[in-house]
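These are my notebook entries on a structure that I am opening for the first time. I write down what I looked up, one topic after another.

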Amino acid sequence: MNKINIIKTLLRHHFYFLFLIFGLNFYAQTYNQANTFTTKDGLPSNLVYEVIQDNNGFLWVATDNGIARFDGKRFINYSTKDGLPSNDVIHVFKQNDGTIWVNCYKQAPSYFDEKRNKFINLDYDKHVVKLSNSMFNVYYSIRKNDLFFQNHLGNFTFSEGKIIDKLIISEKERTQYISHLYLNDEFVTIQHKKQIVGNKSNVAVKLVQNSKTLGTVLFGDYKKLYLQHNTNGKLYRFSEGSVTKIKINNLHPLQYQIQQVDVPEKIKWFKFSASKLSVISNTGNIYIYDEKSLRINSVIKTDFNVNTAYIDSKNNVWVTTVNNGLIYYSSEPIKKETYSKNAITNFLCVKVSEDGQIFAGNYQGEIYEKKGKTETKYNFAENKDNNVWIRNIHFLSGKTFVVSDLALQINFQRKIRFYNELGNLLSLKSSTKLNENELILGTTSGLLKFNIQTERYEILNFSAERILDVQRINDGSFYFSADDGLYHYNINDHQHQLIVPNRLFKNDKIQHFKPGKGSEIWISTFKGNLFLVDNHKILKEYIDDKRFPNNISNLLDIEEQLWMASKSGVYILDYKNLDKCSVSKLTTSDGLTSNVINFLHFKKDTVYAATDNGISKIPVRNIRSHQKIKPYLISVKINEKSVVLDSIYHLKSDENNISLELAGVDITGHFKNFQFALNDDQFSEIEGNFLNLQLNNGINKIQIRTVDQNNYVNNQILKITFDIETPFYKAIWFWIILSFLTSSVLFYVINHDRSIRRKRKFHHEKDLQNQREKITADLHDDVGASLSSLQINSAVAQKIFDKNPAETKLILKKIESQAKNISENIGDIVWSLKSSKDEFMSLSTRIKKITSEILGSSDIHYEILIDQSIDAQITDFSARKNIILICKEALNNILKHSQAQEVCLILQKTEDHYFLEIEDDGIGFSDLDRKGNGVMNMKRRAEELGGNLKITHNTGSKLVFIFPIIR
C-alpha cells in the first residue's frame, strides 16, 4: 500500500512538473510589465500591502501611510484626516454591495462612505474596540450583504449599519484551536486537531453546530500547515508548498469536496481576486490559479519583494511590493521582447528577418539579435566612448547590411565607409532597399547607390546637401527629401524632379514621408503637421490637430492605416474613408515598453516598435481603438464647503460658487480629459479634474462626459442639477407686484401732482383775486379817497379863486401834496407787484431808496442793516407792500416829529420770524402820537402779515415789527 502511494505521489509531481514546463507555454496568460507607480506618481508610500478594485472601477491601494483611490491617472489619498483610525492600512476588502472596507493595524474596521467622501470607523462599539487589540484575520460577506469579522479574541457581524452577534472566544477555546465561523450562512464551530492515519499526522477539522457534531474533514500534513483563509462556504489551508481548498457543499448531512494543488516554491502569502487565486512565493514569483479549478493560469517572475498580486476586471495584474510601490502588468496583446539585464535597450531601429530573427540597433553602435530566447550582441563602435547611431538594417541576398552614421557593415564583419569626390568621409542618415541588388543611401552630402554584389557605390546626380529620408517606389525609382522638399529620382536616366516643394507648407518643412496607395504620399513636418499629397496637390491636411503628436519620428503605412511613431506613443490613422478618419493611440497603458518610439517595422501581421526601453510587438489585428470610461463625482464643494454627494442640490440664493472634483475611471490609463455642458450650451473642455463654476439663480443642469486618449467621446454622461433659489427681487412675481405697485405709485403721484397743481392754480387764482381785491381796496381807500379829496379841493379852489386868492393858494398847495401822495402810493403798489428777482426792484433796494428820499435832505444821520437773503425769501405782494408802507410811515414820523439826529433801520430774520426794527434818538412818542392814524395804520399792516408791532420809548423811540416767515 505504501509503495502504491509513493508511486501516485511521484506521478502527480511528475505530471505537475511537465505541466509547468509545457502547459504554461500553450495555455497560460502572459503578462508584460507595463508601469510602476511610486510616491513620485502620487502614492502615499512605496510600501504597498494590498489592492482591490471596487464596483466603479477604482483601484484601492493600501499602504503604511494611508490608502489611495486610483482612477488610472491620479491617486486620491485618504488618511486619518479623512476618517481612518490609523494610516497603517493592512487590508482592504469589499462588501457584497461594493462598499470598501479597511483594516488598520490593531484598529477597529472602517468603511468608505462614498457620498461623504470619507471613512467611517466602528470604534463607537466597545465590543469591536476590545477585539481590535488584535488584527482581524477573518472577514467575509454572509447572507445577502452582512459582513462577518473574526480574530482569535472573538467575532461580530455588521448588518445594515448595526453591530450584532457579538461573541468572545474564551482562553480555553483558543488553546484548543476552536473558532466560530459562518459556512453557507450557518453559524458553525470548528476545531483543528491532529489525527494520525497510519504513520502520517493529518489535519482534522471538526464541525459542530448547537453542540451537535456535523462531521470531520481530514486533509494534509499537520506539520506543514501555517496559513488559512475562510469564506462563507470554503476553507483554504496553505502549507509550505501546497494549497488545499475544502468546499462545503452541504452541512446536513456534511458533504464537502477537497481540491489540492502543489506550488513549485515555498508560499509566502496569497490574495483572492474575483475568480483568481494569486500565490506569492518567497522569491517574489507570482503563481496565478483559477480559483474554481485550482488550475494554473500564469506565472509572473519578478525580482521584487512582493506582498500580494491582484487581478482586476480586465485581467491585468497589480503587484504590491515592500519598497517598490505598485507594479502594473498588462494583459494586452502587445508583447515585450525580453533582453538580458546588461543590454542597452534604448533602440533606434528594429528589423525582422525572413526567418523571424529580430535585430535591434541602439545609439551606442550595438545590434542585438534575438532568435527565440537566444540573444547575440554585435558591437559596431570602435570603442566604448563612441556614440554610433544604428540607422537601419536590411536583408538582401542572404546578407545583413547595417546602416550606421559611420559606415555600412556587412554580416557584422566588414565595414564599408563612403567618401565624396573630395575625399571627405560621408555620414549616413537614411537608407532604403531599391531592389535585390542595390541600396540607396542618404548622407549629409548627397545620395549614394550601393551595389551589394560588387560592393561598390556611386554618387548620384544631386547636389551635395543633407538627405533627410529615402523611400522606395519601385526597382528603378525612389523618393527622397532634401532642403527644398520632396523629390522623385529615376535611376535609369539619373534625373530628379521636385514634386512637393516645402513652400507648399507655409514656413514649414518636410521631416518624414511615406508612400501610400497609388501615387499618394503621407508627409509629416517639423511643426508636427500631417499632409496627404497627390500630384502636387494636398488632398488632406491635419494642421495643429490635437489628435496627432507634434513630434513624429517615423511613418509606416499598412493597408490604409498610417502608423506614426512619436515621443508620446504610437498613433494609428485609419484613412479608408478620408472624410471620416479615425485615430487610435497606443501607450504604455496598452502594453508598450515605453512611450518614446523611434522606429516602426511591419512583419507578418505584427508591428515591431523600437523604443527607448526595448522592443514592443504589436499585433495589427487586435488593437482596441476606444475605451468606455465613465465619469464619477468624487466631491462637491458649495461656497468652499464640502457637502454630501447627490444628483440634485437645492440651494439658497447666495450658494452659487460650485466646485466639482471628478474622476474618469480607467485604471489602465486611457482617460484623457473631461467635457462639460451647462444647460443647453455646447460641451467645453475641462482642464484637470476640477470644475469650478459660478452659477446663476434658477435650475442649472450640468452634464459631464469623458474623452479617451484616442479622442473618442464616451456617451456615458454624469448629470448633476443645482436648483438655486431665486432672490425675491429676481422672481417674476416680485417684478409683477413691483410693476403693479410702481404703476399705482406713478398713477398716484401723477394724479396727486395734478391735484396739487390744480390746488396751486386755485390758490394762485385766489391769491390773485385777493391781491386784486387788496389793490382795489388800497386804490379805493388811499388813492380813491385822495382823489375824492383832490376833486373836492379842486372844486373849492375854483369857486374861491377870484374871491380869495390867498386861500386858493393854500388849497392848491394842499392839492399838490395830495397829488404827490397819490403818486407815491401808486408807485408803491406798482413796485410791490413787480418780481423781486430784479435787483433794482428788491425789497432791500426799495427800503434804502425810500429812506434816502425821506431822510436824505435832512440833517438826520441814518444806518441801514438788511439781511440780503430776505430779498429772495419775501416775495408775497402784500408782505412787500406792507413792509414798505410801515417803513415810510415810521420814517416820515421821525422826520416830522422826533427831532432825531441818528436813525437805525434793521431788517433781519431768526429761525421762525422776521423782525423790522427802526430806532431813533429823538424826543419819542407822546400818548397822543401813539393813538394817531399813522401808528394805527402800522399796527393794522402788521396784523395783516400775522405779526405785531411794539413801540418803546426811552432816550428816543424804537419801533419793533415782528412777523412770521413768509414763503
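Which residues in H8 meet which residues in H10? I found that Lys881, Asn882, Leu885, Ile886, Glu889, Ala890 and Asn893 in H8 meet Gly934, Met938, Arg941, Ala942 and Glu944 in H10, where contact means heavy atoms within 4.5 Å. The residues of this contact of H8 with H10 divide into 5 nonpolar, 3 polar and 4 charged; here Ala, Val, Leu, Ile, Met, Phe, Trp, Tyr, Cys and Pro count as nonpolar, Asp, Glu, Lys and Arg as charged, and the others, Gly among them, as polar.

Before going on, I note that this is a predicted model, in which local features need pLDDT of at least 70 and side-chain atom pairs count only at pLDDT 80 or more, while totals for chains, interfaces and linings use all residues. Residues are numbered from 1 along each chain as its sequence is written, and side-chain values use heavy atoms, with hydrogens and water left out. Helices (H or I, at least four residues) and strands (E, at least two) are DSSP runs, numbered from the N terminus.

Entry on the helix pair. I looked up how helix H8 (residues 877-898) lies against helix H10 (residues 933-944), and their axes come within 10 Å and cross at roughly 160°. That makes H8 roughly antiparallel to H10, a term for angles over 145 degrees, with axes fitted to C-alpha atoms over the stretch in contact and angles running from 0 to 180 degrees between N-to-C directions. H8 passes H10 in a left-handed crossing, meaning that the near helix is turned anticlockwise from the far one by less than a right angle.

Entry on a sheet. I then turned to an open sheet of 4 strands in the order E2-E3-E4-E5, in which the pairing is antiparallel; two strands pair if DSSP finds at least two bridges between them. Strand E2 (48-53) and strand E5 (75-78) stand at the edges, each with a single partner strand, so one side of each has no neighbour in the sheet. On average, neighbouring strands of this sheet are turned by 20° against each other, direction ignored.

E4 and E5 pair over 4 bridges, with Ile76 in E5 as the bridge partner of Arg69. In the hairpin of E4 and E5, which has 4 residues between the strands, Gly72 takes a positive phi near 110°.

Is strand E4 (residues 66-70) mostly covered or mostly open? I find it mostly covered, as 5 of its 5 residues are buried, that is, under 20% relative accessible area, with exposed over 50% and partly exposed in between (1.4 Å probe, protein chains only). Gly66, Ala68 and Phe70 point one way from E4, and Ile67 and Arg69 the other way. In a regular strand the side chains alternate between the two faces of the sheet.

Entry on loops. The peptide bond from His252 to Pro253 is cis, with omega near -5°, and Pro253 has its place in the loop between strand E20 (242-251) and strand E21 (254-262). Lys506 has a positive phi of about 55° although it is not a glycine, and at 70% relative accessibility Lys506 counts as exposed.

Terms used: Parallel < 35°, antiparallel > 145°, perpendicular 65-115°, else oblique.
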